[in-house]
Amino acid sequence: MGYTDVFERHEIKYRITAAQKRALLGEIAEHMKFDQYGRSTIRNLYYDTDTFRLVRRSNEKPVYKEKLRVRSYRQLEAGDEVFVELKKKYRSVVYKRRIAMPESEAMQWLAGGREPLVRTQIEREIEYFRQYYRDLHPAVFLSYEREAYRAVDGTDFRLTFDENILARTERLSLCEPVGGQRILPPGIVLMELKTAGGIPLWMTELLNRHHIFQSSFSKYGTAYQEIICAERGELQYVG
């Protein structure tokens with residue numbers, strides 16, 4: 001059994017151009033450095049019900065929403081660990097619980113098989129979530145190339161850039177190569193600021209200088225709209 005993590009923070013999103021990204025990278029060096037993952041290709045399996053109850057609810061922009069996913073930071077090999085993540089958002093605050101475990105054990109557990117041998121509070125929360133929604137199963141494979149930075153001053157401020165965001169509804173395994181339908185136009189980058197407190201003044205000044213404004217964007221919600229709804233012949237609005 002791997003370690004567990006608990007996060008409580010604000011996650012603020014911006015859709016920026018590649019040129020704006022280059023400009024920011026030229027100015028953040030004195031404040032930010034790569035975090036433990038640096039550059040990586042993140043792979044996610046998003047779980048949902050047969051009726052896509054979770055993503056439909058999320059796209060309605062409720063005060064409270066939640067999702068379950070399994071994540072890896074590379075294409076898996078036998079025995080590799082993954083992160084099982086329960087992510088909740090209440091108003092503008094994100095609460096994330098995650099636990100690392102072998103991929104085979106995670107897939108067996110979430111498919112309704114044997115539960116983990118070691119029970120933690122996070123596992124109990126995930127198990128309650130799984131039992132509450134009952135028919136959860138992998139719904140979307142979603143990958144992207146990420147650059148992740150953290151503040152050099154030791155605070156919790158983080159910044160990430162996600163590009164080449166791809167989604168698909170087949171080959172739903174983290175052991176498979178990336179690939180799928182692009183859900184952001186070429187040349188557009190998803191930037192996220194992550195902090196438990198406020199945005200540093202220097203970052204606020206950079207955003208103003210480069211005319212970068214907050215923009216709501218859900219990877220899974222957009223994948224649902226552009227891929228699943230299209231496959232099902234449905235219309236769905238994502239704000």
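This is a predicted model: local features need pLDDT of at least 70, side-chain atom pairs count only at pLDDT 80 or more; totals for chains, interfaces and linings use all residues.

**The largest pocket**

Let us begin with open space. The largest pocket has a volume of about 1,100 Å³. It is lined by 50 residues, and those closest to its centre are Arg9, Glu11, Lys87, Glu192 and Lys194. Which elements supply at least two residues each to this lining? They are the strands β1 (4-17), β2 (32-48), β3 (64-72), β4 (81-90), β5 (93-102), β6 (137-151) and β9 (188-195), together with helix α6 (219-232). With eight residues, β1 gives the most to the lining of the largest pocket.

**The second largest pocket**

The second largest pocket holds about 180 Å³ of space. Of its 11 lining residues, Tyr37, Tyr73, Arg74, Glu81 and Phe83 are the closest to the centre. Both β3 and β4 give two or more residues to this lining, and β4 has the largest share, with three residues.

Here are the two linings by residue class:

**A look at Ser72**

Strand β3, which contributes to the linings of the largest pocket and the second largest pocket, also contains Ser72. Is Ser72 buried or exposed? Ser72 has a relative accessible area of 2%, so it is buried, the cut-off for buried being under 20%. A polar atom of the Ser72 side chain lies 3.0 Å from the backbone oxygen of Arg74. Arg74 is itself one of the residues closest to the centre of the second largest pocket. Leaving aside residues up to four places away in sequence, Ser72 touches Thr41, Ile42, Arg43, Val82 and Leu174.

**One face of a helix**

Finally, turn to helix α1, which spans residues 18-25. Which residues of α1 are buried? They are Gln20, Lys21 and Leu24. Viewed down the axis of α1, the buried residues fall within an arc of 100°, so they line one face of the helix.

Definitions and conventions
Residues are numbered from 1 along each chain as its sequence is written. Side-chain values use heavy atoms; hydrogens and water are left out. Buried means under 20% relative accessible area, exposed over 50%, partly exposed in between (1.4 Å probe, protein chains only). Helices (H or I, at least four residues) and strands (E, at least two) are DSSP runs, numbered from the N terminus. The arc is that of the directions from the helix axis to the C-beta atoms. On a 1 Å grid over the protein atoms alone, a cavity is a set of points where a 1.4 Å probe fits but cannot get out, and a pocket is an open set with protein on both sides within 12 Å along at least five of seven lines; lining residues have an atom within 4 Å of a point. Grid points are joined across faces, edges and corners, and a volume is the space filled by probe spheres set on the points. A polar contact is a pair of N or O atoms within 3.5 Å; within protein, one must be able to donate a hydrogen and the other to accept it, and residues adjacent in sequence count only if both atoms are side-chain atoms. Contact means heavy atoms within 4.5 Å.
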